[in-house]
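Biologist: Could you walk me through this model and tell me what stands behind the terms you use? I am new to it.

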Amino acid sequence: MSTDARAQAWAGFRAARAAMEAAQPMAAERLGLLELGLRARVERVDGEVPAELVAALEGLPSEVRIDVLELISSNVPATPELARVVREVVDLPDPDADPVQGQPAVGLFSRRVMAVWAGVDAHVSGFDAMARMDRYRALGRMVAAGWPGAAGLEGAVAFAGALGPDELGAAVMAWIGTRGFSGAADEVGAIEAIERAGMRLEAMELALGSTPRGSAEVSAELATRWLATAEEAAKHVDDVTGQIVVGARRAALLARTGKPVVSELVALAERVAREKDPFFVAAVWKTLARAAAVAGIDAWDAVVSRMARETRGLKERDAWEVAKADVVRALPRLARHEGALDRGREAVLQLLGRQGEPWLGLLLEVMTARGIALTPGRSVEAALTGIEARLSSQGLPRPVEHVSLDEIAQTLAAVDAARAQRIGEHLPHPMMRLLWFAAIVTAPEGSA
């Protein structure tokens with residue numbers, strides 16, 4: 001995000017804060033802590049947080065300071081001074097000790113992640129003693145926050161690889177999933193270094209589906225080379241779910257080589273009926289939709305319309321809502337195919353229903369705008385006008401887990417920073433405006 005756009009977002013945040021304090025004076029202290037945390041995340045000079053902000057953090061009571069530092073560490077890479085402050089305050093007791101005595105507000109998982117973020121050794125912090133899935137989750141959180149800073153992908157691979165081959169895979173997938181695929185040799189090498197074929201294929205899927213940085217995307221030559229991984233992964237799955245997932249990812253690679261894959265994806269979609277667990281069903285549809293977006297509009301229409309006829313999702317609404325949100329997020333990838341975006345949106349509308357869940361409807365409009373912005377020669381004005389009118393009159397829906405305010409606000413800021421600013425100013429409640437501008441202020445560098 002440009003310096004001017006961020007400055008405007010700051011002005012919007014402070015105006016919303018003043019309105020909130022006028023309406024709820026008791027909230028002033030908490031709002032002050034929120035602003036302090038935001039400032040420490042974005043007001044950096046040559047990569048370092050200003051000394052007065054560090055001093056303000058150090059002046060907080062330790063139990064408050066650790067909460068503010070958790071907010072900071074989960075959103076930006078460490079700086080030397082912030083890392084020092086974290087190391088001074090983070091408490092890493094023996095995990096086998098009595099959990100009742102002196103239990104801190106921030107849990108052991110977050111404290112270990114914060115410690116590694118601040119440069120503490122994986123063994124000293126106890127990071128390497130966490131359950132494997134917790135390590136995967138922690139690596140994802142740190143990479144999304146910009147860790148390991150200047151060390152880049154090489155540093156993330158070195159740290160994760162020392163923990164184990166699957167941890168290396170988790171770090172690489174987090175890197176591609178949050179930062180996109182640039183086509184750089186180090187990214188290709190990191191993907192191909194993942195040991196397990198299934199995990200390697202999943203990383204390849206993320207590279208195929210990411211919004212390219214610049215003009216980069218997986219080339220036909222690279223996709224051809226990666227097909228060997230799909231064949232290897234297929235040898236290690238004997239359940240229906242695994243076969244569909246591997247088949248969909250293989251189809252996406254084939255599509256990048258120029259091969260027609262519509263019939264293959266349709267056949268895979270029909271096989272979903274054999275899967276009984278609704279959670280697995282939801283995950284399979286997400287993967288099929290991602291592959292279809294790579295393949296083009298005919299594949300997209302076939303897969304999404306088949307998904308819309310699936311009724312078992314009603315038995316497990318949470319999993320189904322997450323899956324539908326991921327389908328919506330795949331929509332902008334259709335911008336690579338001429339004339340596909342609008343048809344693709346109509347298919348998603350059928351999937352969601354005309355009176356669907358409010359956040360999914362909003363996410364669809366935002367992702368449509370993003371896709372239009374990625375399409376040469378198209379104006380995004382009409383889409384943004386519709387979003388602005390909707391939010392000005394209705395405000396933000398009630399919070400849900402499967403779509404975040406940050407995702408909505410930051411995606412719009414990447415499409416048009418000035419319009420995102422205006423939308424925030426016209427939200428009907430000061431708390432909505434406050435959270436909206438907090439999201440824009442902390443949008444990643446270069447996002448707009």
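Modeller: A search of the whole structure finds four aromatic pairs. This is a predicted model, where local features need pLDDT of at least 70 and side-chain atom pairs pLDDT 80 or more, while totals for chains, interfaces and linings use all residues. Residues are numbered from 1 along each chain, and side-chain values use heavy atoms, with hydrogens and water left out.

Biologist: What makes Trp10 and Phe13 an aromatic pair, and what is its geometry?

Modeller: Rings of Phe, Tyr and Trp (its six-membered ring) pair if their centres lie within 6.5 Å; planes under 30 degrees apart count as stacked, over 60 as edge-to-face and the rest as tilted. Trp10 and Phe13 are 5.8 Å apart centre to centre with 85° between the planes, an edge-to-face pair. They are separated by about one helical turn, because they sit three residues apart in helix H1 (residues 3-23). Helices here are DSSP runs (H or I, at least four residues), numbered from the N terminus.

Biologist: Why is the pair of Trp147 and Phe159 called edge-to-face?

Modeller: The ring centres of Trp147 and Phe159 are 5.3 Å apart and the planes stand at 80°, so this pair is edge-to-face.

Biologist: Why is Val281 called buried?

Modeller: Buried means under 20% relative accessible area, exposed over 50%, partly exposed in between (1.4 Å probe, protein chains only). Val281 has a relative accessible area of 2%, so Val281 is buried. This residue belongs to helix H16 (residues 278-295), and the C-alpha atoms of Val281 and Trp320 are 8.5 Å apart. Trp10 and Phe13 are both buried too, as are both Trp147 and Phe159.

Notes
Helix = DSSP H or I, 4+ residues; strand = E, 2+ residues; numbered from the N terminus.
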